[in-house]
Structure formats: structure tokens, C-alpha cells
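Hello,

I am passing a structure on to you, with notes on what was found in it. Please look at it first and then read on.

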Amino acid sequence: MLSIRTVLGPLATILLTVLGPFGAHGSGLADKVIWAVNAGGESHVDVHGIHYRKDPLEGRVGRASDYGMKLPILRSNPEDQVLYQTERYNEDSFGYDIPIKEEGEYVLVLKFAEVYFAQSQQKVFDVRVNGHTVVKDLDIFDRVGHSTAHDEIIPISIKKGKLSVQGEVSTFTGKLSVEFVKGYYDNPKVCALFIMKGTADDVPMLQPHPGLEKKEEEEEEEEEEGSTSKKQINKNRVQSGPRTPNPYASDNSSLMFPILVAFGVFIPTLFCLCRL
């Protein structure tokens, strides 16, 4: 009679073979993350194994909100919607200080979702990293719409005591300051954020959004049509050729006038002298 171990052994091997790459990816990704926070919410471990700690700003800066808990968040895994349903906002600029001990290539991932406003130009703010503006005029609703996950992915390089981000360089002293800057429209906020070693290609992508993809395709088509129309206009434009010379440019009548006046005065004078 076959034992359970004998029967399940090959099955377990098959499962590990099939699921192994996914498990390894999740585990490897979690190992690369050096700091993660669920802003305005409790601790959470996502489907990739990333452990988000409880918001360290609780009771210190700004306000926590779970208004989004009543809404499903598009583009997010069902298990991780809480990362976009809670948030921290403030009536002034605020931020997080992240200690980084080792130099290398890093990626900062900022998570957002607009769960309150239902139109653009209602909440617009900037994001700065160590004084460098890395996200300008962020309007979440304008980017992706209502109750939809949106990630800002920002590669960062730290080498020889220098921080490089988006082409700008500054001195690095071991602390990454991520600041959400108050703008003219409402208050800055963030739902969650983490920083990991690696490149932007290592960051898990959000689920596809058919409506958003269609909008992006339409914008690309409009740009292509505009470019084609411009080329066609240039092609059909009739060249006027060299400019026609001004027919009055070489008119010397103004030079002849003094001569004629002098001649008119000279003749009568000569006639009078001859009669004397």
C-alpha cells in the first residue's frame, strides 16, 4: 500500500516547480524593501510579502482617514486595497524621513487613490525628495479617475555621498526626506509608500485599467494625428519665393530736387546779371 508521503511527494514537487518562480519573486521583492508604511492605517503585508508598518506619524502630524474603506479600489489586488483606502493628509506640507545606510540604486514608490473628490483641480500638490521636486502638480483624479490606484515610481541613486534623482544631485547625509507639499488646491496626502533596492523594473505593476488604457491610446492617436496634419500642412504650403524688391527703394527723385531748385535760382540770376 502506498504511503501518503509517496503519493504527495511528486505532487508537492510539481506544485513547487509551477509556483516556485512566483514565490521566489515575492520573497525576493520583500527582501529588497528596506522601509514601508501604510499611511493613515495599520500594519499590512501585501501579496508580494512586503510588510507595511503602522503609520509612524499617527498622533504627531496631520490626520489619518479611512474614508476610502467604503469604496472598492480599481487596479489594486483585492487583498491590498487597504493600502489605497487609508491615507494621511495635512493642512500644510508634511513628510517622512527614511534612514538609508547603504549606497546603491533605490526606487521610491508612492501610492495614491482619490476617494473623495469627483473631478480634477480639487486636490493638487507636489512631492519633494531631499528638496528636489520629483512630482509636480499631482492631480490624482486627473491622472486615473476616482477610487483608482495610482503609483508614482521614482528611481534614486546614492553614490559617494551624493543623491541623484531625476537629473539633480545633492549631498546625502543618510536620510531620505519625502515631503508632500501643500499647493493651491486642498491638502497634500499619501496612502502608502515604500523604498526598495533595485530599479523601476523591479516594482510590481498595478492591474490594467481598460478605461485608462483607452484614454492613453486616444491621447497618443491625437498626438499622431496632430503631427500628421502638421506635416501635411507644411507639404501643401505654397512657397512664395524671394520677396519682390521695393520699387521705391531705388527712387532718386529726392536727390534731384535740390539740384532742380538750385538750377531754377541760377538761371534768373544769370539773366539779371547779363542785362546789367
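**The sheet**

An open sheet of mixed pairing is built from eight strands, in the order E2-E3-E1-E15-E7-E10-E11-E12. At its edges are E2 and strand E12 (168-171), each with a single partner strand, so one side of each has no neighbour in the sheet. Strands here are DSSP runs (E, at least two residues), numbered from the N terminus, and two of them pair if DSSP finds at least two bridges between them.

This is a predicted model, in which local features need pLDDT of at least 70 and side-chain atom pairs count only at pLDDT 80 or more, while totals for chains, interfaces and linings use all residues. Residues are numbered from 1 along each chain as its sequence is written, and side-chain values use heavy atoms, with hydrogens and water left out.

Strand E1 (residues 33-38) runs parallel to strand E3 (residues 51-54), joined by two bridges. Asn 38 stands opposite Lys 54 in E3, and its bridge partner in E15 is Ala 192. E1 pairs with strand E15 (residues 192-197) in the antiparallel sense, over five bridges.

Strand E2 (residues 44-45) is antiparallel to E3, with two bridges; Val 45 has His 51 as its bridge partner in E3. Five residues lie between the strands of this hairpin, where Gly 49 takes a positive phi near 90°.

**Aromatic rings**

Rings of Phe, Tyr and Trp (its six-membered ring) pair if their centres lie within 6.5 Å; planes under 30 degrees apart count as stacked, over 60 as edge-to-face and the rest as tilted. The count comes to eight aromatic pairs. Phe 94 and Tyr 96 have ring centres 6.4 Å apart and planes at 65°, so this pair is edge-to-face.

Regards

Terms used
Helix = DSSP H or I, 4+ residues; strand = E, 2+ residues; numbered from the N terminus.
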